[in-house]
Each structure stands twice: as C-alpha cells, then as structure tokens.
Amino acid sequence: MSQTATLLQGDEDTFDLRAKLRKSQRAYKLKSLALIAPLFLFVLVCFAFPIGTMLSRSVDNPEVNTAMPATTAALSTWQGNALPDERTYVALIKDLADAKENGQILALSKRLSYEIPDYRTVITKTLRKLPDDSAASKRDALIEVDRAWGDVTYWKALKQASSKLTPYYLLASLDHRFDPAAGSIVKADPNQSIYVDIFARTFYIGAIVTVLCLLLGFPVAYWLAILPEGKSNLLMICVLLPFWTSLIVRTAAWIVLLQSDGLINRTLMFLGVVDAPIQLVFNRTGVIIAMTHVLLPFMILPLYSVMKSIPSNYVRAAISLGAHPFVAFWRVYVPQTVAGLAAGGLLTFILAIGYYVTPALVGGAADQMVSYFVAFYTNKTVNWGMASALGSLLLIATLLLYVVYGKLTQPTQAR
Amino acid sequence: MLQPYASPAEKLARFALVSASILILLFLIVPILVIIPLSFNSSSFLTYPMDGFSLRWYEELMSSQDWQQAFKNSFIIAPGATLLAMVFGTMASVGLCRGDFRFKSVVMAFLISPMIVPLIIVAVGLYFFFAKLQLLNSYIGLVLAHAMLGVPFVVITVNATLQGFNTNLSRAAASLGAPPLTVFFRVVLPLIAPGVISGGLFAFATSFDEVVVTLFLASPSQRTLPLQMFAGIRENISPNIAAVATIMVVLSVLMLLTLEVLRRRNEKLKVKQE
C-alpha cells in the first residue's frame, strides 16, 4: 500500500518534471528567438523591405492610371479593333485638363513617350488646343487637333501604358519591347538597344578581372602556403594591407600612378619603351588594372586557406612513386585546389559585376557597368522604373551566382 | 621547401614562382605606398620626382571647411554604425548559437545577405525607402544604413568565436546562481571579446569606406571622408587627396595591427583551453 503510494507520487513527480522541463525549454527557445529578433527585424526593415520595394518598382506603372483615371476606366472595356467611343474622348479631355491643373502632365507625357517617342509632342499639342464644350463630337475635334488621336496604335499604346503593372522596364532592360500594333514582344529600336551591351560589358569586365585575379592569385597563394609560417605571415601584410585600405584610396592611387605624367608613364619613357605617354587611365585598361588590384586579395585569401589545408605528403607520395615533380603538382596538387579556385573566382566575379566606384572614377564613358546606369537613372533622369529593372536583373544574376557559390563551398565545409 | 637534390628544371620553376610572386605582391602593395610621399610634396603636381618636403597639403586639409566637416561626419557615423552593428550582431549570434531550431541556417543566410547584394541596389532601395520616411540627408539614416552593411561581419566573426566557446562555463556560472545577464557580461563576453571587437573593426572599416550608399543618402553637409574624396577625385585630383589617403592608410594599418593582436590573443586562449 505504502509502496504504491510512493510509486504514484514518483510518477506524479516525473510528470511534473517533464512538464517543467518542457516549459523551461520553451522559455529557453523563446529567449533565443528574442535575442535574434532585433537584428532580424532591423535587416528586414532596412534591407529586405527596401529592396523588395525596389524590385516591385521595376513592374510598377502608376503614371498613366493616376493621371488619367477616367480614360483608363473608359479604355478598360475597349477591344482595340476600332477607335474608342465618344465617351473615351470626353474622358481624355477631362483627364488632360485635370492633369495640367495638378501638375501630373510632365510625368504622364514622359511615360507615354516611352511607348511611342512622338507621344510627348502629341500631348503638348493637344493641351494647347484642348477642345471646349462647344465641339459637337469630341472625337472629331481631337482628331482635328492631332491626327494621332485617330490612330488606333496611339490608343493601344495608351491602354497598354495605363495598366497597373508593366513589363515595359524589364523588357527594355533586355532590349525588347511589347509592340501594341503587332501584339507581340519585338526587339527594341536599335538606338534604344543599349542594355544588353551594358550587361555584356559588365560580365566581360568581370570575367577578365576574375581571370587575371586567378592567374595572379594562384602563384602568390601557393608560395605563401608553402613558405614557413613566420615568413608567410610577414608577406601576408602585402595582401592584408590592400585588403584593409579603403577602396577609394586605392582607386586614387591608381589614377596617380597611371595618369599621363604619372610614375608608370614616366618610367616607361625613361626606359625608352614608349616615346609619348600612353593613355592608361579613364579607359578600359585603367578599369581592369584597378579592379584587379582591388579584388586580388579576395582571391588570394580563400585560395591560401584552401592550399594551407592540403597535406604536402600526397605530392611527396606521388613523386616517390615515380611521378615527375611537375606531373605530381599538376595531377595531384592542382586538382585539390579546384574547389578553392572555383569559389574564389566566383566570389571575385560576383563582387566585380556589382562595382560602381572604381569604373566611375577610372573608366571612360564606354567602361561604365550596370551599376553606373542604375545610379544614372535614379539621380540624373529620374527614370525609377528603368533603374529598378536594371537593378533587379543585376540582383537576380548576383543571387544565382551566389547559389552556385554556396553549392561549391558547402562540401568543403562539411569535410 | 625545395629538396637539395632538386633538378635544374625544378630550381628554375621555383625561381619563376618566387619572382612572379614577389612581383605580384609588389603590384599589391606599391600603389598604396607610392601615394604616401606625394602627400608631403611641396609642388602641386601629383607625380615624381618630388620638389621638396612640405606639410602644406595637410595644412590645407586643416583649414578647409569641407574636409573638416567630412572628418567630423565620418567620426560620427562610423562609430554609431559600429556600435549598433556590434550590439545587434552579438545578440543575434548568441541567440543563434543557443538553440538548434529548424530555420537556423536560413536565418543566418538572411542576416548576412547585406554583404552579398551589390551596393548600388542597396543604395537605390534605401534611397526610395528613406525618402518616404524623411530619413534622407539625416545622420540617423546614414547610421542605420551603415550599421546594416556592417552587421554581416559581426555576425560571422562572433559566430565563429562562439563555435569555440565552452558552454559549460556559462552553465557553471548559472548553476552557481548568476542571473543570465551577469553570466553574459562576466563570463561569455570577456571570452568572446576578440571576436566581437574584430567584427566591430570590420563594421567600422565598412562604414569608413562606404561611398555608394552614402552618395545616395547624404546631403553635402553629411559628406563622409570617402565621399568627399570621391567628389574631389571627380573634380580634380590634387595632393590634398594624397594627404587624406595617407591618413586613411595609417588608419588601416592601425586596424590591421589591432586585428592581428586580437587574433594572436584568441589563438593563445584556444591553446590554453585545449
């Protein structure tokens, strides 16, 4: 009897204990989450949200539908086979008058000119001679002011531009546009097809810089990895000091070195290699030299750490088994560095395609990369849709490459 | 090292490796060193041979309103951003290391994502966002933006340090009756301090270096040192740029040395623990 009583009590105790344990574990977990929460929210609000908004701006299309609400509504049922009905023309006159009043006309005509470049003059002309109430048929009156209003293409373009979302900016970033007349996606006009070239140039410069970094980084990393600790630590300063020095300082240094009466040109002339100073800066050469210098530590450091972890006895074993030292290096050592090479190369490439400051300072007009145009459309022409679309494509490219990078570095971490 | 019985071809290969490496290391370090003497040049040309020694460019910096303001701005924004990044980053890292919950790696990837995204995209995104919040052209906006860019470095370094932290130490402290905050400040923090400080140094360097985001968010009166340099180089590169560059190189050397001292201390601690 008394035994069962204690047993029962013991059961109750363990039950109680289990609940307590669960409770304390939950509290512990909550506390952990509470510690992470501030930073999580901070990054969410100050990073993820703004970038998300920017992404949405690349398809956002507010200009026409906010400036012309009545016309947008009237056009919503229009099929596009014939000219719109009288009701739409009345709405157009009202909207244009209102837009002129509340100052939305500039944004409106700018947006419409993206669809048909000529639209800006059509709007200006129409505003100057806006038909009044006396006109019997608003349609005839408007067509008289500007023949464009009798052209279905212009109406189709207006309807297309009035939708809430638009593929216009993303298509334009890829040198394509939606042709309202044909109803399909076509290549953009040659004089507006600059963006594919800009992306190609960005990737090309990124690739050259990456290859140069690989070529220059490999021997240095290898040498540092096989040197005794003390010596390699000392030489490491040559890699770490540039790594820690401000990007802008290094860019300034290269301008000083490469300018026409800079140290390099003077040395070349002194040595008699060239007779007159050669142009090394404010062109592609300058961009590639400066960017290689800036990004080289990002290649050397990961390569060095990979090479440091490669045991030297594999190569020694290969040699002792009769392999020529060069063959042993090439067939045994180099394959073990491939993961490091790929990771370092990818990291360099990812960083390179996002560069803005160095090309802006050291490059000429033909060496500017995607980042420059994102800045240009944000600050100079205030074409936020275009800035966002170019930025979104750059972001997508970066993230895709980063996923590959993650895949490459994961197995080495697991090992 | 090369064996004494190495063949001539091997010796040649080694010689090629060493000389190429030395040239590449010179390529890395010389541009930074070359600009330093030029800041003491008495002529206004940024080239060698130098005319004579002078401190006139430093004097010019001292007397220039714009540069004074830029120094001040950098030393307001960078420490503010660093402090914010260190506090939030350390808290989050401690939280991440405490429990193993399901989305740990996803959360970690999210927290270090500001490091991956091209700066121009962060800049444009924040420009639109801060315009709505009236945070453009404000110190608060810049501190928040720079802190966000520095956070990944703090999270990464502190996390790495915590991997080697013996959790039994904090358990022991707690079992002896120390409240959680005391455990953190008296036991955990002193041990992970090297990681926290080096993360902070990275965050400081990030903010102190930052041009692109600042370009979009700052008004002329909030120009930081690198931004003022950026504007100066665009206009006309003069020796006072070399003077600022020299000051910034000295700062990077100091940071590098601090980091090295911290690394050594950390290694010693690890050896002791083992």
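Mentor: Let us begin with A:R284, which is partly exposed at 27% relative accessibility; that term covers the range between buried, under 20% relative accessible area, and exposed, over 50%, with a 1.4 Å probe and protein chains only. This is a predicted model, in which local features need pLDDT of at least 70 and side-chain atom pairs count only at pLDDT 80 or more, while totals for chains, interfaces and linings use all residues. Residues are numbered from 1 along each chain as its sequence is written, chains are lettered from A and ligands numbered from 1 in the order in which they are written, and side-chain values use heavy atoms, with hydrogens and water left out.

The side chain of A:R284 meets that of A:D367 in a salt bridge, at 2.8 Å from N to O. A salt bridge is a side-chain nitrogen of Lys or Arg within 4 Å of a carboxyl oxygen of Asp or Glu. In general, side chains of opposite charge can pair when their charged atoms come close. A:R284 belongs to helix α14 of chain A, whereas A:D367 sits in the loop between α17 (357-362) and α18 (370-379) of chain A, so the pair ties together parts that are 83 residues apart in sequence. Helices here are DSSP runs (H or I, at least four residues), numbered from the N terminus. A:D367 is buried, with a relative accessible area of 5%.

The structure holds nine salt bridges over all chains. Which residues of chain B meet in a salt bridge at 2.8 Å, N to O? They are B:E260 and B:R263. These two residues are three residues apart in helix α11 (residues 239-273) of chain B, and are therefore separated by about one helical turn. Both count as partly exposed: B:E260 has a relative accessible area of 23%, and B:R263 has 35% relative accessibility.

B:E260 also forms a salt bridge with B:R264, where the closest N and O atoms are 3.4 Å apart. B:R264 and B:E260 both lie in helix α11 of chain B, four residues apart, which is about one turn of the helix. Turning to chain A, salt bridges that share partners join A:E63, A:R111 and A:E115 into one network.
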